[in-house]
Amino acid sequence: MIERERRQAVFARGKPETRWQGEPLLGSIYGEEEVDAAVSAIREAMDVSKGFGFTASPIPEFEQAFAAYVGTKHAVSMNSAGPGLDMAMRYLNLDADDEVIVPAVNFVAAPLAVAGVGARIVWGEVDPHTLQLDPNDVEEKITPRTRAIFAVHMNGLSAPMDDYLELARRHPHDAHGPLAVIGDAARACGGGYKHGKIGKAGLLNVFSFHTMKNMTTLGEGGMVTTDDDDVAAYCRSTRFYGGATDVWGTSNVMTKVQAAVGLVQLSKLDGFIAARRALAQQRTEWLEGVPELALPPDPPDRLHSYYLYTCVVCDAWAGAQRDELMRRMDEEFCVRCVVANKPVYLHRAILREHSGGLPLPVSENLGERILCVPIHPAMSQEDNEYISASLIECVEGLR
Ligand SMILES: Cc1ncc(COP(=O)(O)O)c(C=O)c1O
């Protein structure tokens, strides 16, 4: 822990130039390489016989490079992660009484994808330590109508995919066989699971290249990774009006300019993750020993990408104290933390209407205790130390 004397020295240096936010609006780092790649792609497209072409080079090259990075047979690019999550649900051909188990502490995208096909959302509790969908709770929630386990690699750490796959095999659906295990990897690009990358385990995984994510393709973009030929063909077809396999479809394509930038960002991704991890590990050392804070776990069988640095305040500080801590961080130290996320059904009526399995005491309690402290690959050690010192100062002030 950073002791009081050292904290005073840190504060004497002054506030960081950057007003850090819990989820910075640009999650990666851009350089001249990205600018050059974008400009060259635009120049190529200026040829009337080529244009921006919806499967134009380097879209296939970006897909192949991403598949090779994750270790899957296929990667299918698209305009953002949301459509990939929708495609996953459409692919399963769900009926109105079919159930999909989704973690409650979540972004809205995955449960909205379930609601979008008119199936039933069954909320799963999350493990209070890792914030991942809790396999024990999943097992309790499985019924004869369960079709899928829709996990989210929450805040950059891999969900325990093998545990879900085991449950999926042990509790097959009567007509459809083993449950589909799907991963929302929007926040976890570049993270690892066991001996590989996030994105390999499960029927398919969906990545986001939105501006805040670990890598970004000009602010929007997404990718589905899978080893399954049918899933890949379905997604390829659906992302462009369903023509290739004569299914329903719409336009969800990525542009060649995004793909050109994506190739550059992908080549830098491991560097971004290494920088995030170095900051997180140093911060964990600085914060260790603050009894009111549980720090993000870094399990040895996974490579946490630290999309967010997620702390959980002690139970006694749930709600008002956590909010006051955030207010002081912001107003006294200019560090803006974020809650990612409260159980999503609490703030979206459309999600409550589709829901079964409520209430969820563990997730609701966590929603009052989560606190994500800013992290970014371009953050300096000085800023990291300032943020850590501020957090300790605010906690001590609140005791
Ligand atoms: C967990 C999660 N899933 C899905 C999404 C949706 O990603 P996109 O904006 O690329 O559609 C996000 C993005 O914010 C997210 O955080």
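Predicted model: local features only at pLDDT ≥ 70, side-chain atom pairs only at ≥ 80, totals over all residues.
**Notes on helix packing, domains and the ligand shell**

1. Helix α10 covers residues 320–333 and helix α13 covers residues 381–398, and their axes come within 10 Å and cross at roughly 130°. The two helices are therefore oblique to each other, since angles over 145 would be needed for roughly antiparallel and 65 to 115 for roughly perpendicular.

2. Who touches whom here? On the α10 side, the contact is made by Gln321, Glu324, Leu325, Arg328, Met329 and Phe333. Helix α13 answers with Ser390, Leu391, Cys394, Val395, Gly397 and Leu398. Sorted by class, the residues of this α10–α13 contact come out as 7 nonpolar, 3 polar and 2 charged.

3. A second pair to look at is helix α4 (residues 81–91) with helix α8 (residues 229–238), which pack at an angle of about 120° with their axes 10 Å apart. That angle makes α4 oblique to α8. The crossing of α4 past α8 is right-handed.

4. For the α4–α8 contact, you can follow Met87, Arg90 and Tyr91 in α4 as they meet Val231, Tyr234, Cys235 and Thr238 in α8. The residues of this contact divide into 5 nonpolar, 1 polar and 1 charged.

5. Now for the domains. The chain is divided into domain 1, made of 4–26 + 269–398, and domain 2, which spans 32–264. Their C-alpha centres lie 26 Å apart. To the contact between them, domain 1 gives 37 residues and domain 2 gives 36 residues.

6. Which elements give two or more residues to the side of domain 1 that touches domain 2? The helices are α9 (256–287), α11 (349–353) and α12 (361–367), and the strands are β11 (302–303), β12 (309–313) and β13 (355–356). By class, this side of domain 1 has 22 nonpolar, 10 polar and 5 charged residues.

7. Last, the ligand. Around the ligand you will find Ser80, Ala81, Gly82, Phe107, Ala109 and Val152, together with Asp184, Ala186, Arg187, Ser208, His210 and Gly222. This shell splits into 5 nonpolar, 5 polar and 2 charged residues.

Definitions and conventions. Residues numbered from 1 in each chain as written. Axes fitted to C-alpha atoms, helices over the stretch in contact; angles between N-to-C directions. Helix = DSSP H or I, 4+ residues; strand = E, 2+ residues; numbered from the N terminus. Parallel < 35°, antiparallel > 145°, perpendicular 65-115°, else oblique. Contact = placed C-beta atoms within 7 Å. Nonpolar A, V, L, I, M, F, W, Y, C, P; charged D, E, K, R; others polar. Left-handed = near helix turned anticlockwise from the far one by under 90°. Near = placed C-beta within 6 Å. Domains from an automatic or database assignment.
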